[in-house]
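Trainee: Hi! Could you walk me through this structure?
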Amino acid sequence: MIWQIDTAMLLLVVVVALASLQVKDLLGAGILFGAYSFMMCVLWTVMGAVDVAFTEATVGAGVSTVLFIAAVFRTSRRTKD
Amino acid sequence: MTEFLQTGLTAHYNYWIYIILMLIGLWAMMAKVNLIKKIIGMNIFQTAIILFYVSIGAKKGGTIPILEHAPGHGHEYIMDAALYINPLPHVLMLTAIVVSVATLGVALALALKTYREHKTLDEDEILSHLSE
Amino acid sequence: MKKLAFVTILLLGIVLMAITADFPRWGDPLSPASTYLSPHFIEKTMEETSVPNIVTAVLGDYRGYDTMFETTVVFCAGAACFFILGSFGREEDDKIRYFRHRDTGVVLKVQPHGTRPSSRADFERIDPTWTPYDFIISRVAGLMIPFIQLFGLYVVAHGHHSPGGGFQGGVILAASFLLLALSHNMRTLSARISNKVLGLMSASGVLIYAGWGALALAFGGNFLDYSVLGVLLGLDPIAARSMGIMIVEIGVALTVMSTMIIIYNNVASLGAYDEGL
Amino acid sequence: MTDQYPSLILIAPLLFALFVFISSWFSRKPAFIMTAIALGLSSASAVGLLAQIMANGPLSYRIGGWAPPMGIEYYVDHLNALVLVVVSCLAFWNLIATRPDIERSYGDKAPIFYTLYLLSVAGHLGIVVTGDAFNLYVLLEIAALSGYALLAMGNARAHLSTLRYLFMGTVGASFYLLGVGYMYIMTGSLNMLDLARLLPPLYESPAIAAAFGLVLVGIFIKMAFFPLHAWLPNAYSDANSPASSLIAPMTTKVMVYAMIRICLTVFTPALAFKSVWFSNGMVWAAVVAMVMGALFALTQKDMKKMLTYVLISEVGYMVGGFWLGNRLGMTGSILHIVNDAVMTLCVFLCVGCITFRTGSTQFESLKGLSRKQPYTMAALVLGGLAMIGVPPTCGFYSKWYLILGGLDAGHYEFVAALVFSSLINIVLFFRIFEIAFFEPYGDMHGDHYHGPPHEKIQDAPWSMVLPLLVVAVGLIVLGLYSGSIVTNIIDFAIPATII
């Protein structure tokens with residue numbers, strides 16, 4: 001693997017994780033969490049863990065995001081932090 | 001310089017990123033007051049640990065752990081352990097991912113119930129509501 | 001409190017960072033993890049289970065016990081969501097409901113315990129926050145769903161030779177149903193696959209897994225020892241292991257698919273199963 | 001079939017949980033019978049297994065027929081077998097004793113409650129029986145997830161309390177997982193016995209020390225060891241009684257077992273007690289837990305909440321007794337796992353009987369209850385005496401071993417804290433006895449009383465009281481037989497290297 005790409009991916013993962021926690025809108029937070037899961041999935045593919053990456057793509061980026069959006073839809077998008 | 005980056009830094013930087021992500025998740029669970037944010041923090045915490053395990057399994061020069069037919073040998077398979085990535089951490093982490101989505105489902109169900117009773121997701125508002 | 005949390009976490013981070021120096025180098029082919037158990041799996045899997053995807057073999061057989069409980073965790077989450085939010089489908093008549101006349105677009109508002117329009121052909125129930133029927137979204141989703149399901153089945157069936165297996169396939173199958181709920185509405189989903197069916201499927205998936213393992217007890221093997229079940233299938237012990245992995249993967253897919261839909265149904269409708277996202 | 005006992009213990013609750021869930025969509029009638037059969041089978045196999053272990057010594061069971069480091073194995077010795085018997089029998093008995101309460105509290109959803117009940121028991125039994133470090137994590141999550149669902153039903157605060165428990169529990173399980181990962185990266189193995197063989201050359205490595213620390217912290221969060229206890233009192237006291245009287249005796253005890261297993265089998269005493277500084281620190285932490293638990297209990301005005309703090313104090317006994325590091329202390333600690341499980345079951349069942357009629361365990365609503373619920377109160381007296389440690393109840397014997405162990409190890413602070421918290425227990429329980437036996441019944445602050453009319457209050461139905469009385473008498477029987485439990489089982493459970 002190419003370590004420059006690897007490092008860039010790792011940093012991007014951290015940035016997206018922080019963004020999903022800091023954004024002041026829960027719907028946005030849910031979608032950014034989906035993006036975080038997808039970044040993670042790409043990272044694991046790079047490391048050769050294809051089965052784990054596949055699961056994360058379907059579970060983390062797919063169903064989890066839908067569940068978050070459903071929960072936000074049923075509650076409120078407002079958040080203080 | 002490049003050599004240092006390649007040997008010194010790359011030796012452990014994957015582990016550092018897992019620690020940073022884990023701490024971000026842990027901090028969110030402790031410091032955030034919104035329940036959904038806490039749940040997102042919990043998930044980040046769990047994926048960080050999965051990243052750690054997947055990093056254990058990584059092997060330079062190894063390919064994905066699916067055996068391939070050796071060319072021209074019918075049912076002969078290439079079975080040199082050095083060629084394939086360690087499959088065990090992947091198996092363990094499949095389990096951990098599924099556990100994390102199960103926990104997420106239950107956590108969201110509980111958060112929704114709490115919201116239905118108190119009409120807010122902010123923990124401090126719920127607590128002041130309860131102590132009235 | 002926040003500052004205390006921050007300082008604790010920072011200290012933990014520094015300690016853990018310092019300890020990483022003790023680890024084997026990242027990607028080192030000679031690390032203990034890569035030299036102790038992993039060579040056995042890589043070299044012997046084909047011989048012992050005849051499954052080329054080592055991850056599937058270890059997941060389904062060597063560590064099949066973990067996987068059985070992992071499936072049980074999923075089932076447990078579905079039962080827990082149902083226990084916390086859901087109900088046994090006896091519809092409570094205590095909410096205002098809206099019905100739209102299909103031809104004219106007139107909307108009726110029915111008070112709790114009021115009379116509902118009798119003709120299903122003329123009236124359809126709609127959500128209070130009703131959005132007009134979107135032709136493009138529902139058609140495109142309708143076209144995609146069969147192919148998603150086909151892909152899901154392929155992933156389950158082809159888990160022995162390529163990445164994939166029961167979990168991934170099950171989640172993809174569930175995603176196709178969730179797409180139906182998202183692009184139409186939850187009542188469309190419930191009309192096709194009811195809560196009762198979902199509940200039964202989610203339990204029977206684990207039952208296939210645990211039952212297949214427990215059947216081995218009757219044939220004199222240990223729990224989850226698929227090789228002794230070759231007698232039942234007319235296969236030699238190694239092919240029986242491969243077949244056993246296939247069977248338990250189907251059970252896993254069944255449970256994961258139905259449980260994901262159960263969790264979505266309960267979370268998206270707060271346990272009422274009528275109005276979704 | 002006898003060689004299949006280890007698997008039967010788990011398969012019975014798991015398969016029957018699925019049957020109960022399936023049947024719940026057709027009828028709610030058969031759920032209880034099926035649950036009782038499952039737990040009965042499980043307890044019978046556990047007793048059979050214990051008998052087998054006592055006759056033949058430890059055994060290992062290969063799941064799927066794979067040899068241990070590759071596959072997963074059950075490893076059962078005297079310690080597991082004892083805890084298995086305790087957990088399965090108390091789950092069975094709690095089911096029998098709380099049936100009317102379950103049917104009333106959960107109504108339609110009672111079959112789902114039974115499903116989760118069985119899954120929770122299966123998870124806890126699995127934690128005890130397994131010989132694989134990662135498998136323990138999966139079972140930990142099953143036990144936890146079903147526990148969250150069971151505890152979520154209760155009063156108005158229950159959902160938030162349970163959500164907080166979920167957050168803490170997930171952090172605990174994840175720390176455990178991380179610790180196992182540290183062991184895996186250094187050795188490449190996950191099997192407990194295999195790890196015990198591979199770890200000794202690495203004891204100097206900081207990564208192994210970190211693994212030990214992370215695993216312990218994870219388990220401490222799960223067992224609510226002070227100061228990581230914050231989730232327990234609310235989660236347990238806000239839940240409905242049938243759930244809390246199952247989870248309260250089971251979870252903390254099983255986690256204490258997990259700690260003993262990790263320290264004795266995986267890391268061997270050579271590492272766990274390598275640093276005197278560390279084991280002394282753990283004894284001091286346990287001393288703080290015992291004292292603080294007792295003091296917090298003193299400030300409560302609700303009996304159920306008070307009992308949850310007593311539980312935290314009891315966790316301190318067991319952890320402290322283990323870390324004394326000598327044979328007497330460990331004997332006391334393991335014996336206390338058994339005794340505390342039965343004692344906690346007894347007092348929480350009393351709480352269940354009281355709330356079944358009055359709907360509250362506030363001290364105010366207990367006034368004069370002895371005349372209305374004489375049998376429940378009699379059982380509470382026995383339970384209270386056992387908690388205090390009055391001979392011949394079982395609580396006395398384990399405390400006796402703990403005190404001897406403390407004196408032997410020279411940890412006088414442990415002995416002092418133990419005596420102190422027992423004295424506080426006297427105050428706590430006699431305060432309740434005074435309210436219940438000597439306060440007049442009628443003159444509670446009439447206007448603030450919201451429960452059912454007083455005339456209707458009577459003892460709980462016989463189907464609840466009779467099993468409760470059996471448990472209460474069991475406290476004395478257990479006390480009388482504690483000598484033979486120690487000589488026949490616990491002596492073999494502690495490695496010979498510990499004197």
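Trainee: What should I know before we start?

Mentor: This is a predicted model, where local features need pLDDT of at least 70, side-chain atom pairs count only at pLDDT 80 or more, and totals for chains, interfaces and linings use all residues. Residues are numbered from 1 along each chain as its sequence is written, while chains are lettered from A and ligands numbered from 1 in the order in which they are written.

Trainee: How many residues do chain C and chain B put into their contact?

Mentor: Chain C brings 48 residues and chain B brings 45 residues. Two residues are in contact if their C-beta atoms, placed from the backbone, lie within 7 Å.

Trainee: Which helix of chain C gives the most to that side?

Mentor: That is H5(C), with 11 residues. Helices here are DSSP runs of H or I with at least four residues, strands are runs of E with at least two, and both are numbered from the N terminus.

Trainee: And how do the residues on chain C's side divide?

Mentor: There are 33 nonpolar, 9 polar and 6 charged residues on the side of chain C that touches chain B. Ala, Val, Leu, Ile, Met, Phe, Trp, Tyr, Cys and Pro count as nonpolar, Asp, Glu, Lys and Arg as charged, and the others, Gly among them, as polar.

Trainee: New topic: at what angle do H6 and H7 of chain D pack?

Mentor: Helix H6 (residues 133-152) and helix H7 (residues 158-187) of chain D pack at about 180 degrees, and their axes are 10 Å apart. Axes are lines fitted to C-alpha atoms, for helices over the stretch in contact, and angles run from 0 to 180 degrees between N-to-C directions. H6(D) and H7(D) are therefore roughly antiparallel; that label covers angles over 145 degrees, whereas under 35 is roughly parallel, 65 to 115 roughly perpendicular and the rest oblique.

Trainee: What about H18 in chain D, which of its residues are buried?

Mentor: Among them are Cys394(D), Tyr397(D), Leu402(D) and Ile403(D). A residue is buried if 20 or more other C-beta atoms lie within 10 Å of its own, exposed if 12 or fewer, and partly exposed in between, with C-beta atoms placed from the backbone. Helices H14, H15 and H17 of chain D are among the elements that cover the buried residues of H18(D).

Trainee: Where are the strands in chain C, and in what order?

Mentor: Three strands of chain C form an open sheet in the order S2-S1-S3, with antiparallel pairing. Two strands pair if DSSP finds at least two bridges between them, and S1(C) and S2(C) have 4 bridges. S1(C) and S2(C) also form a hairpin with 5 residues between them, and Gly105(C) in the turn has a positive phi of about 85 degrees.

Trainee: Last one: is Ser50(C) buried or partly exposed?

Mentor: Ser50(C) counts as partly exposed, because it has 18 C-beta neighbours inside 10 Å. Its phi is near 50 degrees, a positive value in a residue other than glycine, and Ser50(C) lies in the loop between H3 and H4 of chain C.
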